[in-house]
Amino acid sequence: MTESTPIPRPLQDPPAGRARSASPPTPRLRLDQVCKTYPGSPPLTVLTRVSLEVMPGEDLALVGPSGSGKTTLLSIMSSLDRPTAGEVWIDGLKLADLGPADQARLRAESIGFVFQQFHLLPTLTAWENVAEGMLYSGWRRRRRREAAMTALERVGLTARADHRPSQLSGGEQQRVALARAIAGEPRLVFADEPTGALDQAAGRRVADDLRAIAASGTTVIVVTHNQELADRFSRRLSLLDGRLVADERRPDDGGRPVAAAEPGGGDPGGGGRPGGERRPDDG
Ligand SMILES: Nc1ncnc2c1ncn2[C@@H]1O[C@H](COP(=O)(O)OP(=O)(O)OP(=O)(O)O)[C@@H](O)[C@H]1O
Ligand SMILES: [Mg+2]
């Protein structure tokens, strides 16, 4: 006889009293047939009909060779850039319908950014750098300090709160940048090559922090060249020449990597979980 095990809870419970058959949850992010062409002679098409949905609390890696359009796609998903054709929605809000002021507010309130270079201000301490990221929140300094300390705690840097960037390792500086990205409790975090300037161990630590942030309900989208790092995320999107060629979800087995995408041959529609091929655990 087995004892009854608790049923895993969804990331967001349906509102009490509402039937399960109610309308499906709104994707945190939705792209429909997104295209990007830069003008010139000849014009340069960088993204071709990219469509996808990302749900709250997902963590995903966006991979692809240099020049495949990863940064361009990230910029469009995060409202920093506009597609030439196609539409982007964040939490059901169509970005094309928002004016510049509303877009700026959306970015300030709902989106956190992390870049390869940490972009910390050298004269400020760790907590001051994190608090600086909330300048547009309208919060008073004391509340910003509290939020900064909470964010630093989430990335394990409470003891370094009063250190300046020059007194921190590269990995620690990037985790301060991560704390700055999440301190305002955004719904989405975008990171472009966040481990590109770090060694492997520091990169893993940043990836683990990003996954922990996603586990708390924030949607996390990370661009990376690094396959080993991409394997740490639950879902992997592969871009090739501006087209989405694979969308794979890792079996929920507590950390094993997904099967490798078959170049040109796979199942870009995501019609099922990738099957057998597994790489050995690297510890
Ligand atoms: N503002 C621009 N004007 C014209 N072409 C651009 C512009 N920005 C990017 N491109 C081109 O678009 C293509 C995709 O660039 P993008 O930066 O998105 O690639 P990426 O996948 O992020 O590459 P990497 O891994 O090297 O960062 C490249 O060929 C690039 O030269
Ligand atoms: Mg790039």
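**Notebook: a predicted model, one chain region at a time**

I began with S79, which counts as buried because 21 C-beta neighbours lie inside 10 Å. The cut-offs I used are these: a residue is buried if 20 or more other C-beta atoms lie within 10 Å of its own, exposed if 12 or fewer, and partly exposed in between, with C-beta atoms placed from the backbone. The model is predicted, so I noted that local features need pLDDT of at least 70 and side-chain atom pairs count only at pLDDT 80 or more, while totals for chains, interfaces and linings use all residues. Residues are numbered from 1 along each chain as its sequence is written, and chains are lettered from A and ligands numbered from 1 in the order in which they are written.

I looked up the backbone of S79 and found a positive phi of about 70°, although S79 is not a glycine. S79 sits in the loop between α1 and β4 (85–90). Helices (H or I, at least four residues) and strands (E, at least two) are DSSP runs, numbered from the N terminus.

E185 also has a positive phi, of about 50°, and is not a glycine. I located E185 in the loop between α5 and β7. E185 is partly exposed, because 16 other C-beta atoms lie within 10 Å.

I then checked for a cis peptide bond and found one joining S41 and P42, with omega about 0°. P42 belongs to the loop between β1 (29–38) and β2.

**Entry: overall make-up**

I recorded 7 helices and 10 strands in the protein. Of its 283 residues, 38% count as buried. Among contacts between residues at least 6 apart in sequence, 66% join residues at least 24 apart; a contact here means that two C-beta atoms, placed from the backbone, lie within 7 Å.

**Entry: the sheet**

In which order do the strands of the open sheet stand? I read 6 strands in the order β6-β7-β8-β3-β9-β10, with mixed pairing. β6 and β10 (243–249) are at the edges with a single partner strand each, so one side of each has no neighbour in the sheet. The twist averages 15° from one strand to the next. Two strands pair if DSSP finds at least two bridges between them.

I followed two of the pairings. Strand β3 (residues 59–63) is joined by 4 bridges to strand β8 (residues 219–223), and the two run parallel. Within this pair, L60 stands opposite I221 in β8. Helix α6 (residues 200–215) packs on the sheet and touches β3, β7 and β8, its direction making about 155° with that of β8. Axes are lines fitted to C-alpha atoms, for helices over the stretch in contact, and angles run from 0 to 180 degrees between N-to-C directions.

Strand β6 is likewise joined to strand β7 (residues 188–192) by 4 bridges, in parallel, and G112 stands opposite V189 in β7. In a regular strand the side chains alternate between the two faces of the sheet. I found both faces of β6 (residues 111–114) covered, with I111 and F113 buried on one side and G112 and V114 buried on the other.

**Entry: helix α5**

Helix α5 (residues 170–182) has 13 residues and reaches 19 Å from its first C-alpha to its last, close to the 18 Å expected at 1.5 Å a residue; the expected span is 1.5 Å times one less than the number of residues. Of the 13 residues, 11 are buried. The buried residues of α5 pack against β6, α3 (126–132), α4 (141–154), β7 and α6.

I examined E172, which is found in α5. E172 is buried, because 20 other C-beta atoms lie within 10 Å. Apart from its neighbours within four places in sequence, E172 is in contact with L157 and R160.

Is Y136 buried or exposed? Y136 is exposed, because 12 other C-beta atoms lie within 10 Å. Y136 has its place in the loop between α3 and α4.

**Entry: the ligand shell**

Which residues are around ligand 1? I listed Y38, L44, V46, G64, S66, G67, S68, G69, K70, T71 and T72, taking a residue as near if its C-beta atom, placed from the backbone, lies within 6 Å of the molecule. β2 (44–54) and α1 (70–77) each supply at least two residues of this shell, and α1 gives the most, with 3.
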